[in-house]
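Subject: Structure handover

Hi,

Here is the structure I promised to pass on. Please open it next to this email and follow along.

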Amino acid sequence: MCGIIGFTGNIEAKEVLLQGLTALEYRGYDSAGISFFPENGSDHKVQTIKTVGKVSNLIDKVSSLSAGPSFCGIGHTRWATHGGVSETNCHPHHFGRVTLIHNGIIENYKELQEELEGEGKYPVSQTDSEIAAMVIDSCYKNNPLKAIKRAVKKLQGAYAFCIMFDEYPESIYAIRNGSPLVATNTKEGSIIASDMVALIKYSKDYFVLPEHHIAHLTKDSITITDLEHNEVEPDMLHVSWDMAAARKGGYEYFMLKEIHEQPEALHNTIAPRIKNQLPDFTTDGIPDSLFNGLNRIIITACGTAMHAGLIGKNMIEQLTRVPVTVDIASEFRYQDPILDANTLVITISQSGETADTLAALRLAKENGARTLSVVNVKGSSIARESDYVLYTHAGPEIAVASTKAYTVQLAAMYLVAFRFALVKGSVSQDVIRNYIRELEAVPEFVKTMLGCDRAIQPISQKLLKTESLFFIGRGLDHALSCEGSIKLKEISYIHSEAYAAGELKHGTISLITDNVPVIALATQEKVFAKMISNIREVRSRGAMVIMIANEDAQVDAALCDHLITLPPIDNAFAPFGAAVVLQYIAYYTAVARGLNVDQPRNLAKSVTVE
Ligand code: M6R
């Protein structure tokens, strides 16, 4: 949440900041601003330009003001937490000799504000971030490092700060607690940002700023010191993707591009983990001992990642007979979970920075559970703090609505289930080999499903004016319904509910009246007959039924208004193909409603506040 960037170097800073903010906009997009030191600026006066709305508004404003050259500055694109959307609340915040951008939440800002007001210092905004700038300024006696060190002792909460001090017009300082920051030094200068998409233009090599360490960026170098002023060498990381991955590449929206990237992302996630037709985690450094003696698995995650967990649960339980529960991460911490050394807690997260999931992981560790995370972003907090990490290789996911990250998470969870079953000996190697064969075929299966967009577009036209609809399914199809429903809600703003098909008749069926759309998933053979009965129940109450079923299923034409079929595949792998159908339904419906698919209202990618 919130994109932040800082640059100091020998090229125009405003350009670096504005390009960086454009790339980071998916992290928050209600307002944006930059501060910079003009070259040869008089009296070390920092200049700030802010606007509400999109980064494009800021770009227009900056060009209309035709500010002179600058080689050092910071920029921010906001997802409002404290204080509404206004220019005053927009970052950067300036107080005294300090200019700052912030991602996170300062929990004790009220007490700090009272303290500052007691000293006759008053904020102009309603933000906790300005209070942080005021605290740093009040701790500042010409030594930035000491000021930051003193200030962070007073601040409680999550933060990533980039800070400029009036007396140091070529320097940027940064520190973080919880919220992410990555940085790199290149021939153009030093750059720091919330994530790699803002750095990729300059380098594929970077480091994650260690928590509670201060980075001092100058154009020639980045120095990192701990809070005792000891210099620390960062661990360098490398990304395999490039600029093209962070661009739309001819697609109207990132979401559509990312839907189309699924076959490749799946291949990249699956193929390196298969040796001799069996799952193998050697190169991930995940030992078999992780699975020895386990009596329970808890999967915890948020949103779409949690939905991937629901599908993973099914496969793990089926193959190992070890009980698996799936917990919403934001609830996990507050329900006093039962954890011990024979419990494996699996956290799933695209960003690896989701605050609720990170908190759940920390709780699991504190209570002695083993931890494994399924994460997409290299070096992210969840990846670093888990005992083991199984990276998905989806490349950057920029659309707020998660698509490719979801299907690779399914693949990763299936690999975990297969390896666990192999280690436990709960099924034969031949059974696992058969599953592996099916999993290897998934990228091609998904590629075929990408061709169903033409069939979906007319359906989306019909959903255009819908106020509310239902997704129903049984077993895996119910788990997948949850994903279909969140996808549609978040980008099309149409209310929907995912329901276990058999549960409808216990209350919710009262909402099924003439032409209420019901998206019925019927891909699971063992519950197919029951599912057909449930479809008849809604059909006879006037529902407009959109059915997703296997190609070879016997479907009575009178049962549905639209039928989308999946090519033959083992039932366990149907969710990969059906997910594409649901992604397209959400995407084309949102497009037909004229909405900005990549940046849905009120949302942001990577939710780094609890
Ligand atoms: O980065 P994460 O996978 O931890 O994010 C979890 C959810 O916030 C995320 O999946 C969210 O639900 C998506 N916007 C759904 O499309």
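This is a predicted model: local features need pLDDT of at least 70, side-chain atom pairs count only at pLDDT 80 or more; totals for chains, interfaces and linings use all residues.

A polar contact here is a pair of N or O atoms within 3.5 Å.

**Contacts to the ligand**

Ser349 uses its side chain instead. A polar atom of that side chain is 2.6 Å from a ligand oxygen atom. Val400 contributes a polar backbone atom, and this one is 3.0 Å from a nitrogen atom of the ligand. On its own, the ligand has 410 Å² of accessible area, and the protein covers 89% of that.

**The site around the ligand**

Which pocket holds the ligand? It sits in the second largest pocket. The ligand has 14 residues around it, and Ser349, Gln350, Ser351, Thr354 and Glu490 come nearest. By class, the shell splits into seven polar, five nonpolar and two charged residues.

Domain 2 (248–450) and domain 3 (452–592) each give at least three residues.

**Two backbone points**

Most residues other than glycine have a negative phi, and most peptide bonds are trans. Two spots in this model go the other way.

- The peptide bond from His91 to Pro92 is cis, with omega near -5°. Pro92 lies in the loop between β4 (70–78) and β5 (93–95).
- Gln277 is not a glycine, yet its phi is positive, at about 60°. Look for Gln277 in the loop that runs between β15 (274–275) and β16 (278–279).

Best wishes

How values were computed:
Residues are numbered from 1 along each chain as its sequence is written. Side-chain values use heavy atoms; hydrogens and water are left out. A residue is near a molecule or strand if one of its heavy atoms lies within 4 Å of it. A polar contact is a pair of N or O atoms within 3.5 Å; within protein, one must be able to donate a hydrogen and the other to accept it, and residues adjacent in sequence count only if both atoms are side-chain atoms. Accessible areas come from the Shrake-Rupley method with a 1.4 Å probe; for residues, only the protein chains shown count as cover. On a 1 Å grid over the protein atoms alone, a cavity is a set of points where a 1.4 Å probe fits but cannot get out, and a pocket is an open set with protein on both sides within 12 Å along at least five of seven lines; lining residues have an atom within 4 Å of a point. A molecule sits in a cavity or pocket if more than half of its atoms lie within 2 Å of its grid points. Ala, Val, Leu, Ile, Met, Phe, Trp, Tyr, Cys and Pro count as nonpolar, Asp, Glu, Lys and Arg as charged, and the others, Gly among them, as polar. Domain bounds come from an automatic or database domain assignment. Helices (H or I, at least four residues) and strands (E, at least two) are DSSP runs, numbered from the N terminus.
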